[in-house]
Amino acid sequence: MNNGEITIEKNTASVADIVRGRFAVTDKNVYALYKPLFKDALGVCVLDSGEQSKTLATAEKILLQMAGNSLDRKSVAVAVGGGVVGDLTGFCASVYMRGIDFVNVPTTLLAAVDSSVGGKTGVNLDRLKNLVGAFHKPKHVHIRTDFFATLPERELICGLGEAYKTALLDRGCMKAWNALPEKTDSFTDFSAVVEACVRFKKSVTDSDYRESGKRKILNLGHTVAHAIEYLDGYERSHGEYVLMGLIAESGMAAVSGKIRRDTYESIRRGCLSIIGESGERKVRFGFSSSQISNVAMHDKKNSGGRISLIISEDFCQREYLLDKYEFTKEMEMWKSLL
Ligand code: ADP
Ligand code: ZN
């Protein structure tokens with residue numbers, strides 16, 4: 001198998017072969033649901049599930065188990081889980097003996113379409129998300145879509161938010177997205193959407209591994225999304241905040257004449273079909289425009305003290321920068337739009 005290969009299949013059974021004789025990392029929920037897949041592993045590290053596990057302390061626990069299982073420079077670690085497991089395993093693989101290979105088996109729709117390729121790994125430092133980490137690409141990514149059948153609805157919506165964002169960036173993804181049935185649930189066949197999203201993300205991240213240029217377009221909707229999720233205390237899933245961010249940012253771009261009004265209306269309709277009216281109410285009325293711009297001023301993507309925003313229209317993207325005053329004003333104009 002070539003380096004960087006991505007396989008997408010339906011059935012989860014082949015994961016047992018991927019894990020066989022290797023050190024695997026997973027979390028309690030995934031382990032409880034899919035225990036037989038790990039029976040021939042060299043060792044299994046089972047983490048508590050959820051974002052609160054993404055710490056240096058958990059990384060130390062994994063590294064100690066890697067050492068305890070006598071992994072050497074030629075060993076391969078396998079992550080079987082959502083984004084938390086993938087980020088932690090990738091990070092530990094990047095530093096264990098100065099770097100060993102890892103294979104990623106994403107079990108959530110979000111991890112499959114968003115974090116499984118691209119090579120960003122890391123942990124949070126206190127409340128600072130992903131502050132400590134490394135670029136370390138998985139050797140292979142194996143996506144098995146039957147994993148999604150056990151996902152809670154919230155996790156599914158989270159993945160759909162990022163998938164729709166990717167569809168706004170790439171014509172191929174939009175085609176696959178449009179072919180989905182109107183009502184999706186965890187049993188929907190997402191393979192075509194996942195495949196299109198992953199190929200697109202791989203092509204973007206391969207061309208700009210360290211996020212100095214093109215990779216920024218993947219942050220569509222994310223400036224407002226990050227601000228709202230912070231203000232809202234991360235109560236909803238990341239994908240829902242991304243959908244809110246897409247509505248607000250495209251609305252701001254439309255009222256200031258950077259994109260057409262019909263582009264905004266179509267993005268808004270697409271987002272509302274996933275999160276519903278309550279999501280729009282949250283981003284429109286939940287926080288004042290200046291509260292949002294205050295938080296957006298701290299976004300990692302900003303440059304020269306100005307807030308970075310991405311716009312996408314007809315599958316073409318560009319970045320533009322606004323100072324705090326301009327950002328607040330555009331948001332106010334969007335909010336007053338009927
Ligand atoms: P992400 O949403 O970034 O992928 P997590 O790794 O936190 O984040 O996964 C989200 C939640 O879904 C966790 O509670 C995890 O245990 C759970 N989970 C992961 N994969 C599955 C699955 N296939 N079926 C059910 N629950 C899962
Ligand atoms: Zn995101």
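The second largest pocket holds about 530 Å³ of space in what is a predicted model, where local features need pLDDT of at least 70, side-chain atom pairs count only at pLDDT 80 or more, and totals for chains, interfaces and linings use all residues. Of its 18 lining residues, L160, E182, K183, T184 and S273 sit closest to the centre. A pocket here is an open set of points on a 1 Å grid over the protein atoms alone, where a 1.4 Å probe fits and protein lies on both sides within 12 Å along at least five of seven lines; lining residues have an atom within 4 Å of a point. The volume is the space filled by probe spheres set on the points, which are joined across faces, edges and corners. Helix 6 (153-169), helix 7 (171-178) and helix 11 (261-275) each give two or more residues to this lining, and the largest share, 4 residues, comes from helix 6. Helices are DSSP runs (H or I, at least four residues) and strands are too (E, at least two), numbered from the N terminus. Sorted by class, the lining has 9 nonpolar, 5 polar and 4 charged residues. Ala, Val, Leu, Ile, Met, Phe, Trp, Tyr, Cys and Pro count as nonpolar, Asp, Glu, Lys and Arg as charged, and the others, Gly among them, as polar.

Now for ligand 1. Of the 17 residues around ligand 1, the nearest are D27, G83, T107, T108 and T150, a residue being near if one of its heavy atoms lies within 4 Å. A polar side-chain atom of D27 lies 2.7 Å from an oxygen atom of ligand 1, and a backbone N or O atom of G83 also lies 2.7 Å from an oxygen atom of the ligand. With T150, a polar side-chain atom lies 2.7 Å from a nitrogen atom of ligand 1. Taken alone, the ligand exposes 570 Å², and the protein buries 87% of that (Shrake-Rupley method, 1.4 Å probe). Helix 2 (28-34), helix 4 (83-95) and helix 5 (109-115) each give two or more residues to the shell, with the largest share, 4 residues, coming from helix 2. The shell has 8 nonpolar, 7 polar and 2 charged residues.

Elsewhere, S75 lies in the loop between helix 3 (56-68) and strand 4 (76-81). S75 is buried, with a relative accessible area of 16% (buried means under 20%). A polar atom of the S75 side chain lies 2.8 Å from the backbone nitrogen of D72.

Residues are numbered from 1 along each chain as its sequence is written, chains are lettered from A and ligands numbered from 1 in the order in which they are written, and side-chain values use heavy atoms, with hydrogens and water left out.

Methods:
Polar contact = N/O pair within 3.5 Å; in protein donor to acceptor, adjacent residues only side chain to side chain. Buried < 20%, exposed > 50% of the residue type's maximum accessible area, 1.4 Å probe, protein only.
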